[in-house]
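Thanks for coming. Please take a look at the structure on the screen before I start.

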Amino acid sequence: MRIDIVTLFPSMFEGPLTESIVKRAREKKLLEVGFVNPRDFATDRHNSVDDRPYGGGAGMVLMAGPMSQAIRSVRQESSTVVFLSPQGQRFDQGIARSLAKKKHLVLVCGRYEGIDERLMDLFDMELSIGDYVLTGGELPAMVVTDALSRLQPGVLKKEEAAERESFSENLLDYPQYTRPETWEGKSVPPVLLSGDHAKIEAWRQQEAETATRRKRPELLEK
Ligand SMILES: C[S@@+](CC[C@H](N)C(=O)[O-])C[C@H]1O[C@@H](n2cnc3c(N)ncnc32)[C@H](O)[C@@H]1O
């Protein structure tokens, strides 16, 4: 899969996309990430990419010209172009699973007061990472890229498999424990030390249901 990110601040991505599993995915070429900066498509001598809103009001709006050219410079026939926006559909594991199957995504990051509304026709979808307003689309683009990277076949090792974890089968994950067996007087549930795989599986299923009922009961209704 290839993801091209349209952003005024590509250096923001250096940490999150250069460590751990995402780093491994990129090194193995299971995920390619590219950046395109709308500023490279500015046409005036100040390299402007934003301007004041028509009708007045606070802040600046990203101009259609440089943004559209940046998007078109990476968009292909088969691309899915996504605008990160607090007004979008809420990103969740179901959307992550369906986007993870795409060959090419273009993630477009807004800034300031947002983008010129006339750009909307360029997008296949608008995605929000939650009902709060961030300063830009870069953090949401990192969230989406991270979630999709671990769903690429071959990225997670067998023991890290993404099949049985929170939100698969509308359940949260079961509780996990590691060494030592007793920590601050709290012991690991004995069933996990029994070596009986059927019993462990049944316990995990039950714990996943209990956790879901307690923390996210609406998932069970799905
Ligand atoms: C300050 S926000 C603009 C918010 C816009 N004025 C509004 O109220 O809908 C700047 C940019 O950050 C990004 N952004 C902010 N919050 C987001 C969220 N929850 N999910 C996805 N993108 C977000 C979008 O790209 C947005 O264009």
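This is a predicted model: local features need pLDDT of at least 70, side-chain atom pairs count only at pLDDT 80 or more; totals for chains, interfaces and linings use all residues.

Residues are numbered from 1 along each chain as its sequence is written, and side-chain values use heavy atoms, with hydrogens and water left out.

The ligand comes up now. Which residues come nearest to the ligand? Of the 21 residues around it, those are L84, Q87, G110, Y132 and L134; a residue counts if one of its heavy atoms lies within 4 Å. There are also polar contacts, meaning pairs of N or O atoms within 3.5 Å. L134 has a polar backbone atom 3.0 Å from a nitrogen atom of the ligand. For E113, a backbone N or O atom lies 3.1 Å from a ligand nitrogen atom. G136 places a backbone N or O atom 3.5 Å from an oxygen atom of the ligand.

On to helix α4, residues 138-149. Helices here are DSSP runs of H or I, at least four residues, numbered from the N terminus. The expected span is 1.5 Å times one less than the number of residues. For the 12 residues of α4 that gives 16 Å, and the end C-alpha atoms are 16 Å apart, which agrees.

Is α4 buried or exposed? Buried means under 20% relative accessible area, with a 1.4 Å probe and protein chains only. In α4, 9 of the 12 residues are buried, so the helix is largely enclosed by the rest of the structure. Among them are E138, P140, M142 and L148.

Note on methods:
Helices (H or I, at least four residues) and strands (E, at least two) are DSSP runs, numbered from the N terminus. Buried means under 20% relative accessible area, exposed over 50%, partly exposed in between (1.4 Å probe, protein chains only). A polar contact is a pair of N or O atoms within 3.5 Å; within protein, one must be able to donate a hydrogen and the other to accept it, and residues adjacent in sequence count only if both atoms are side-chain atoms.
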